[in-house]
Amino acid sequence: MDGLPKLRRASSRAGSGGPSCRVRGARLVGPRKPTDAPNTLARVRNVTHELIGVSAAIGAAKVARLGPAAISAAAAAAVYGSWLPDIDQFGTRVHRRSRLERRSLVAGAVGALLRLPLVAFGALASHRAATHSALACVAVTGGVGLALTPLGLAVAPIVAGGMGLGYAAHVLADACTPAGVRLWWPLSRRRVWLLPAGRRIATGTIRELLLATCVLALVVGLVVA
Ligand SMILES: [Zn+2]
């Protein structure tokens with residue numbers, strides 16, 4: 001990513017990262033910055049995706065005139081959905097253990113077991129290809145909806161919709177970065193951008209920070225509206 005140290009793993013794959021593509025565990029190569037300013041900005045990356053997903057979920061829930069509990073469920077699902085596209089990159093949020101998993105041996109073992117398919121998929125998938133496509137957005141939304149159908153129609157559409165919106169928001173946000181996404185995979189391997197060259201938002205820049213701030217204001221506005 002422009003202006004940031006390169007990540008060894010990321011550089012061997014599809015190119016520079018987007019707002020989400022934060023790789024905490026990866027080893028940095030190249031010169032370190034003399035201050036911690038880049039690291040401070042780097043914290044924005046996951047938050048940007050989460051905020052965009054949450055704003056989309058809350059907005060859709062408000063339009064659908066859902067109650068506070070359903071809005072909260074959709075927003076929580078959107079946060080998790082916003083993590084999922086970067087399953088193809090180890091070290092990203094979806095691969096990291098939760099606090100509970102770190103503190104409890106049982107929770108840690110269960111979490112490791114549940115995360116095995118994610119690890120296997122991450123080892124096989126190319127970054128920003130299948131996982132950052134329109135097909136993946138549809139597949140995740142439909143798959144989660146089907147899986148949750150036994151819980152009833154009051155739960156499944158809300159959680160699946162929230163997760164799908166969070167997932168799609170991540171993909172569309174990455175399409176605003178210099179690396180772009182392969183939105184129409186597998187029909188086309190060409191990268192797609194939503195912004196013209198020169199206007200794209202590189203990870204960890206002031207431009208991304210401003211975007212996150214604006215979306216945060218939008219989320220607050222939606223919550224109090
Ligand atoms: Zn991504």
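**Notes on an all-helix model**

1. Contacts first: residues 24 or more positions apart account for 70% of the protein's contacts with a separation of 6 or more. Two residues count as being in contact if their C-beta atoms, placed from the backbone, lie within 7 Å.

2. A word on what you're looking at. This is a predicted model, where local features need pLDDT of at least 70, side-chain atom pairs count only at pLDDT 80 or more, and totals for chains, interfaces and linings use all residues. Residue numbers start from 1 along each chain as its sequence is written.

3. The protein averages 82, and 80% of the residues score at least 70. Go carefully at residues 1–18, where pLDDT stays under 50 and the model has 49 contacts beyond four places in sequence. Residues 20–39 are also below 50, with 44 contacts in the model beyond near neighbours in sequence.

4. The fold has nine helices and zero strands. Both are DSSP runs numbered from the N terminus: helices are H or I with at least four residues, strands E with at least two.

5. Of the 225 residues, 39% are buried. Buried here takes 20 or more other C-beta atoms within 10 Å of the residue's own, exposed takes 12 or fewer, and partly exposed is in between; C-beta atoms are placed from the backbone.

6. Now the largest nonpolar core: it has 40 residues, and A57, A74, A78 and M163 have the most contacts inside it. Such a core is a set of buried Ala, Val, Leu, Ile, Met, Phe, Trp, Tyr and Cys residues joined through C-beta atoms within 7 Å. The helices that each supply at least two of its residues are α3 (44–63), α4 (68–83), α7 (134–148), α8 (156–174) and α9 (206–224). The largest share, ten residues, comes from α8.

7. α8 is mostly covered, with 16 of its 19 residues buried.

8. Which residues of α9 are buried? They are E208, A212, V215 and V219. These cover an arc of only 70° around the axis, so they sit on the same side of α9; the arc is that of the directions from the helix axis to the C-beta atoms. On the other side of α9, I206, L210, C214, A217, V220, G221 and V224 are exposed.

Key. pLDDT is the predictor's confidence in each residue, from 0 to 100.
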